[in-house]
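Work through the exercises below with the sequence and the model at hand. Each task is followed by its solution.

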Amino acid sequence: MIIAQITDTHIRRKGKLLHHMVNPGKRLRKAIERIRSLDPKPDVVLATGDLTEAGKYVIPGNHDRREAFREAFADQYYLPAYGPLQYTIEEYPVRLIALDTMNDGEAGGVMDEERLAWLDAKLKLAPNRPTLIFMHHPPFRTGIRALDALGFRGSDELGAIVRRNPQIERIICGHVHRAIEMRWYGTTICTALSTAHQFALELRSMHPLGIVLEPPGFALHIWGEGEMATHHCLVSP
């Protein structure tokens, strides 16, 4: 099973640049062309949030709005009609679980009691199926302090659920506009490159977060013979 991940597309109205210098629509088209050229093609495409600035399966990020999501993707059977935009996709070799980490009005993420209980219940239904969780905000510290200062409420509680469920093969995230991987509560967690622009690798204490015009990218998560490999792919802008 091949899973493509695009994230942080930050699409604006036609003709509007992002940060006065980036054409996010043009860069997204390049990424889609690259994904479509793959042989074999991905089985699914996951879009992990911040689709707009103001795939196949999508979740919202802090720049998105739930009701706009429901309206734009009304033809997609998997999105719930109300509440957090969390759902499962069951028909592939790897079970897909989408988490909604939006914290209304805030840039940081959250997993509250309702969302945590939902996840715990869904994982208990299939304890032996390999599972991939996708979400927008990473629940770990990146070392980029301006990003980490945004916070993630409920990370320890989420981690406790993850540790109890070894069937979770991977957790994939967006938000940070960089490719980062680490071990987290017994599984592997990673973020993907943005199709729009990347954030600077700035590790100094509370140094302002910078934007760099590094190439756009996407991730490929490949499952086979009981193992998952992740490739971070660059796209010529």
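**Exercise 1.** State how many salt bridges a search of the whole structure finds, then examine the pair Arg164 and Asp120.

Solution. The search finds eight salt bridges, a salt bridge being a side-chain nitrogen of Lys or Arg within 4 Å of a carboxyl oxygen of Asp or Glu. The model is predicted: local features need pLDDT of at least 70, side-chain atom pairs count only at pLDDT 80 or more, and totals for chains, interfaces and linings use all residues. Residues are numbered from 1 along each chain as its sequence is written, and side-chain values use heavy atoms, with hydrogens and water left out.

Step 1: Arg164 and Asp120 form a salt bridge, 3.4 Å from N to O.
Step 2: Arg164 is in the loop between α5 and β9 and Asp120 is in helix α3, so the pair ties together parts 44 residues apart in sequence. Helices (H or I, at least four residues) and strands (E, at least two) are DSSP runs, numbered from the N terminus.
Step 3: Arg164 is exposed at 51% relative accessible area, while Asp120 is buried at 15%. Buried means under 20%, exposed over 50%, and partly exposed in between (1.4 Å probe, protein chains only).

**Exercise 2.** Classify Glu202 and Arg204 as buried or exposed.

Solution. Step 1: their closest N and O atoms are 2.8 Å apart, in a salt bridge.
Step 2: Glu202 has 14% relative accessibility and counts as buried; Arg204, with 51%, is exposed.
Step 3: elsewhere, salt bridges with shared partners join Glu90, Arg95 and Arg129 into one network.
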